[in-house]
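The sequence and structure are shown first.

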Amino acid sequence: MNTAELQSIASQVRRDIVRMVHAVNSGHPGGSLGCTDLLVTLYFDTMKTNAPNFDMDGKEEDLFFLSNGHISPVWYSTLARKGYFAVNELSTFRKLNTRLQGHPATEEGLEGIRVASGSLGQGLSVALGAAQTKKLNGDNSLVYTLHGDGELQEGQIWEAAIYAAHHKVDNIISTIDYNGQQIDGSLEDVMNMGDLRAKWEAFGWTVLEMDGHNIDEIKATMAEAKGLSGNGKPIMIIMKTSMGKGVNFMEGTHKWHGVAPNDEQLADALSQLEETLGDY
Amino acid sequence: MKQFEVTGNKDTRSGFGDGLHELGKTNPNVVALCADLTGSLKMNAFQNAFPDRFYQVGIAEANMMGLAAGMTIGGKIPFTGTFANFSTGRVYDQIRQSIAYSGKNVKICASHAGLTLGEDGATHQILEDIGMMMMLPHMTVINPCDYNQTKAATMAIAEHEGPVYLRFGRPKMPIFTPDNQKFEIGKALMLNEGTDVTIFATGHLVWEAIQAGHALAEKGIDAEIINIHTIKPLDEAAVIASAKKTGAVVTAEEHQILGGLGSAISQTISRECPTPIEFVGVKDSFGESGTPAQLMEKYGLSASNIVEAAEKAISKK
């Protein structure tokens, strides 16, 4: 898909995100806005899926796992806009009896979701398991994951990192949302992760870097990553992003990690985001 | 009191290992993961026969649970193997979110459960695992009693869709259940029909319950003995019918009395048919180093403790 079309979808997804969290006065807009360009590019350009059809086993299609489950709004909107479920269902986000739980879940059978996430640090392990099943099944499609940078403070991530290199899981392309922010402040102040590139390389991964808001660059980096798959090493992309991207007063701060805009702030945000596909 | 023929003496973990090896031959979707305890879990036969379906995870149990959850996506049936402590308490949130809440078809196979792990002491002697696993929605909890039953249970859980916790142990125990038995998940097994008191036992304590049954018979007490190999889902009909029939109940388990078999049984009978009940199990304490026999005696998990508990329950009728 061409870049202008992807940008157009991303604008609508960002509208969906701020409207969803505003409607229930809860949810996580900051990280969602920051990862919008990535998720839209993955689902509408990079990944080979059977959308709108969904099957839990996902054989012969690329899979995506969201490990930092709190940015569920961006995932739900992207899945709905891709056709996995009706766009109108976005209006049920976080409401009683919804399939769009606060954090992604399989319990209610929402199409597009293959494992629950939210308690951090677990998604890389799950994705590696799915990737190894693909190998056993002779299935050459790929597994994609997304992780928060703060999430890397969980020890399980590094257990998984060691395992992936040892077992040569080379059909996985992971991405870190490197926005430098976590709930209590900047990553640097709360728990400095140091040189992420050196860390992942030391753990035996091939590391790429990209600007998470330049769709041409995301497309090119994903193409490069695909080309590197199958070479005996897992692949990690460090994606530089700005939390709250697209809404000027939310950008670059951890303050909008888990806070919803009020009515005035919503109007301000929507005035900055073009309605391209029609609001739900 | 019925006589049980002892046909051998083997550890229940070997029943798991042999069952897993059989499954490898018959079910190509079965895969196995182990966290650096392949010999202790008796997984070598599977590993040697099916190296492509065996995953060494190293000392990283949290990762193992996530991997297993992910391997189900695409149709594999993962069996994880490590000690019971590292299969549950260490990885509770991974099991809760990635396996139970996500409804994944993972078989969590846990050896060295309870006091009979012996000399390694309390750090490894988990006595809370049944309770933790029982509390998780969607989880099936099974604690078979001897080698044959553990082998049969291992093979049966591959046919069951959904997460399972299979608990077994380290020491050699008498084999008294049939070879090649059919294992029915959730079906209590009547071992001896009686009229005066019911002993509900699970795991290694089933054999102690049988010994207690003989001792009670010598005292003129006719004990009904039921093997509750599946603690969840509990065979409530069998529990209620027996409690109503005998009017006195004893539960016996190599586990904390808080949150294990005793809790499950008492919840059922207090709701449906309030009956005097006594609990044989570890009384809210950790274990310690010692031989399995010494520990079972010190912590009150022997046949003699079941006899005392039965007499006490009867006295409260």
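In what order do the five strands of the open sheet of chain B lie? The order is β9-β11-β10-β13-β14 (chain B), and the pairing is mixed. Strands are DSSP runs of E with at least two residues, helices are runs of H or I with at least four, and both are numbered from the N terminus. Two strands pair if DSSP finds at least two bridges between them.

The model is predicted: local features need pLDDT of at least 70 and side-chain atom pairs count only at pLDDT 80 or more, while totals for chains, interfaces and linings use all residues. Residues are numbered from 1 along each chain as its sequence is written, and chains are lettered from A and ligands numbered from 1 in the order in which they are written.

β9 (189-192) and β14 (277-282) of chain B are the edge strands, each pairing on one side only. From one strand to the next, the twist averages 25°. Strand β13 (residues 249-256) of chain B runs parallel to β14(B) and is joined to it by five bridges; V250(B) stands opposite E278(B) in β14(B). Helix α10 (residues 261-272) of chain B packs on the sheet, where it touches β10 (197-201), β13 and β14 of chain B. The direction of α10 makes about 145° with that of β13(B) (axes are lines fitted to C-alpha atoms, for helices over the stretch in contact; angles run from 0 to 180 degrees between N-to-C directions).

**Domains and chain contact.** An assignment, automatic or from a database, divides chain B into domain 1 (9-175) and domain 2 (189-315). Residues are in contact if their C-beta atoms, placed from the backbone, lie within 7 Å. By this criterion, 27 residues of domain 1 of chain B contact 31 residues of domain 2 of chain B. Between the chains, the contact takes 21 residues from chain B and 27 residues from chain A. α3(B) gives the most to the chain B side, with eight residues.

The table gives two sides by residue class (nonpolar: Ala, Val, Leu, Ile, Met, Phe, Trp, Tyr, Cys, Pro; charged: Asp, Glu, Lys, Arg; polar: the others, Gly among them).

| Side | Nonpolar | Polar | Charged |
|---|---|---|---|
| Chain B, touching chain A | nine residues | 10 residues | two residues |

**L166(B).** Leaving aside neighbours within four places in sequence, the contacts of L166(B) include K107(B), I142(B) and I157(B).

Conventions. Two residues are in contact if their C-beta atoms, placed from the backbone, lie within 7 Å.
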